[in-house]
Amino acid sequence: MDPIENEAITPDIRTGPFHERQLALGATFYEDLGSLWTRSFGDPTGEYWAVRRRAGLWDVSALVKWRFTGPDALAALDRLTSRRMVSAAPGVIRYAVVLDEDGLMLDEGTNCVVAQDDVYFMGNDERRPFEEHLRRNTSDLDVEIESATPRIPNISVQGPGSFEILSGLCTVDLAPLRYFCLLPAPVEVAGVRGL
């Protein structure tokens with residue numbers, strides 16, 4: 001994807017809550033599906049090796065977050081995605097794909113179980129046809145589906161040093177946390193409450 005110049009960012013392109021700060025730090029961006037993603041801070045090779053050898057931050061606020069709430073939240077994601085979800089415990093994260101009626105992939109992402117009645121699918125698509133697919137295929141279930149993308153900013157800490165960095169910033173012990181798991185109760189990270 002080609003970089004997008006700041007003056008080419010039109011009101012229909014979602015920039016996210018960290019855009020101005022990143023811009024001030026020299027970030028370049030690209031647009032994908034109506035959202036702006038950070039491309040680089042001027043040294044893509046150095047940034048790559050920082051993530052491979054230590055850690056890096058990536059603003060992934062544009063990651064689409066569908067929130068499923070209600071008694072049938074897990075049943076809805078069990079039906080919509082390629083992973084068994086009905087028995088998933090709070091704290092479980094499962095990679096999954098959303099398929100159409102012909103078995104063609106519509107999106108891919110992760111199912112994140114906060115509680116039996118509160119689950120997120122974090123993927124890429126929030127266009128109307130995808131939303132209609134979600135609603136059409138769960139209309140008989142007791143579940144509410146909402147796009148939570150605009151109100152949930154998030155930063156991804158990636159690389160072999162990320163555990164050490166986050167451990168020093170969190171109010172809870174992260175040692176018991178395993179891969180593809182989350183802490184289902186809110187915590188503070190660098191003084192900010194979140195998951």
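This is a predicted model: local features need pLDDT of at least 70, side-chain atom pairs count only at pLDDT 80 or more; totals for chains, interfaces and linings use all residues.
Local features were considered at pLDDT of at least 70 and side-chain atom pairs only at pLDDT 80 or more, whereas totals for chains, interfaces and linings use all residues. Residues are numbered from 1 along each chain as its sequence is written, and side-chain values rest on heavy atoms, with hydrogens and water left out.

Helices (H or I, at least four residues) and strands (E, at least two) are DSSP runs numbered from the N terminus. In helix H3, which spans residues 73-80, the buried residues are Ala73, Leu74, Ala76, Leu77 and Leu80; buried denotes under 20% relative accessible area, exposed over 50%, and partly exposed the range in between, with a 1.4 Å probe and protein chains only. These residues lie on the same side of H3, because they cover an arc of only 160° around the axis, the arc being that of the directions from the helix axis to the C-beta atoms. An α-helix has 3.6 residues a turn, so residues three or four places apart point the same way. The cover over the buried residues of H3 includes strands S4 (64-69), S5 (93-99), S6 (105-115) and S7 (118-123), together with helix H4 (128-136), where contact means heavy atoms within 4.5 Å.

A search of the whole structure finds nine salt bridges, each defined as a side-chain nitrogen of Lys or Arg within 4 Å of a carboxyl oxygen of Asp or Glu. One of them joins glutamate 164 to arginine 54, with the closest N and O atoms 3.5 Å apart. This pair links distant parts of the chain, since glutamate 164 belongs to helix H5 (residues 162-167) and arginine 54 to the loop between helix H2 (44-53) and strand S3 (56-59), 110 residues apart. Glutamate 164 is exposed at 55% relative accessibility, while arginine 54, at 40%, is partly exposed.

Another salt bridge is formed by the side chains of arginine 67 and aspartate 118, at 2.8 Å from N to O. Arginine 67 is in strand S4 and aspartate 118 in strand S7, so the pair ties together parts that are 51 residues apart in sequence; aspartate 118 is buried, at 12% relative accessibility. Arginine 136 in helix H4 and glutamate 101 in the loop between S5 and S6 are 35 residues apart, and their salt bridge has its closest N and O atoms 3.8 Å apart. Glutamate 101 is exposed, with a relative accessible area of 54%.

Strand S7 also contains glycine 123, which is buried at 2% relative accessibility. With residues up to four places away in sequence not counted, glycine 123 touches Leu63, Val64, Asp107, Glu108 and Gly109. The C-alpha atoms of glycine 123 and alanine 62 are separated by 9.6 Å, although the two residues are 61 residues apart along the chain.

Alanine 27, in the loop between helix H1 (19-24) and strand S1 (28-32), is likewise buried, with a relative accessible area of 8%. Under the same exclusion of residues up to four places away in sequence, alanine 27 touches Gln22, Thr38, Ser40 and Phe41.

On the surface, Tyr95, Tyr179 and Phe180 form a nonpolar patch with about 440 Å² of accessible area together. Phenylalanine 180 lies in the loop between H5 and strand S10 (187-189) and is exposed at 53% relative accessibility. Patches comprise residues with over 30% relative accessible area and no salt bridge, like charges being joined within 9 Å and nonpolar side chains (Val, Leu, Ile, Met, Phe, Trp, Tyr) within 5 Å; accessible areas come from the Shrake-Rupley method with a 1.4 Å probe, and for residues only the protein chains shown count as cover.
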